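Thanks, everyone, for making the time. I would like to go from the whole chain down to one side chain, so please keep the structure open while I talk.

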Amino acid sequence: AVDAVHASDALLGYILRLVEATRSEARFTTGISPRGSVALLKAAKAYAFIMGRDYIIPEDVKAVLPSFMEHRLRIQ
C-alpha cells in the first residue's frame, strides 16, 4: 500500500535538491547517496500513509528527514 502513495514531480525535485545539498555541503564528509534518496522517498511515503494520505507533501519529508539524516550523514 505504501508503494501506491503518489509523489509529484515537484516533490521528487524537492527531495533531489535536499540530497544534492548534502553532497555539496563542505561540513559533511559524505552526502546522501542515490540509494539514500530512494530510501528517503520511501520513508516519506510511509509517513504519508500513516497520516492517512495517498500522496506526499513536503511536511512528510520534513518529518522523516532528521532521523534519516542522522543515520546517513557524517559531519567533519
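**From overall fold to one serine**

What we have here is a predicted model, and the secondary structure of its chain comes to three helices and two strands. Read along the sequence, these elements follow the pattern α-β-α-α-β. The radius of gyration is 12 Å, close to the 11 Å that the globule rule gives for 76 residues, so the chain is as compact as a globular protein of that length. Along its principal axes, the C-alpha trace spans about 40 × 20 × 20 Å.

The chain exposes about 4,900 Å², of which carbon and sulfur atoms supply 58%. As for charge, there are 10 positive and 8 negative side chains, with the centres of the two sets 6 Å apart.

Within H1, the buried residues are Leu11, Gly13, Ile15, Val19 and Thr22.

Finally, is serine 37 buried or exposed? Serine 37 sits in helix H2, residues 34–50, and its relative accessibility is 12%, so with the cut-off for buried at under 20% it counts as buried. Leaving aside residues up to four places away in sequence, serine 37 touches Ile15, Val19 and Ile32, and Ile15 and Val19 are among the buried residues of H1.

Terms used
Residues are numbered from 1 along each chain as its sequence is written. This is a predicted model: local features need pLDDT of at least 70, side-chain atom pairs count only at pLDDT 80 or more; totals for chains, interfaces and linings use all residues. Side-chain values use heavy atoms; hydrogens and water are left out. Buried means under 20% relative accessible area, exposed over 50%, partly exposed in between (1.4 Å probe, protein chains only). Helices (H or I, at least four residues) and strands (E, at least two) are DSSP runs, numbered from the N terminus. Contact means heavy atoms within 4.5 Å. The radius of gyration is taken over C-alpha atoms; the globule rule is 2.2 Å times the number of residues to the power 0.38. Accessible areas come from the Shrake-Rupley method with a 1.4 Å probe; for residues, only the protein chains shown count as cover. Lys and Arg count as positive and Asp and Glu as negative; His and the chain ends are not counted. The place of a charge is taken as NZ of Lys, CZ of Arg, CG of Asp or CD of Glu.
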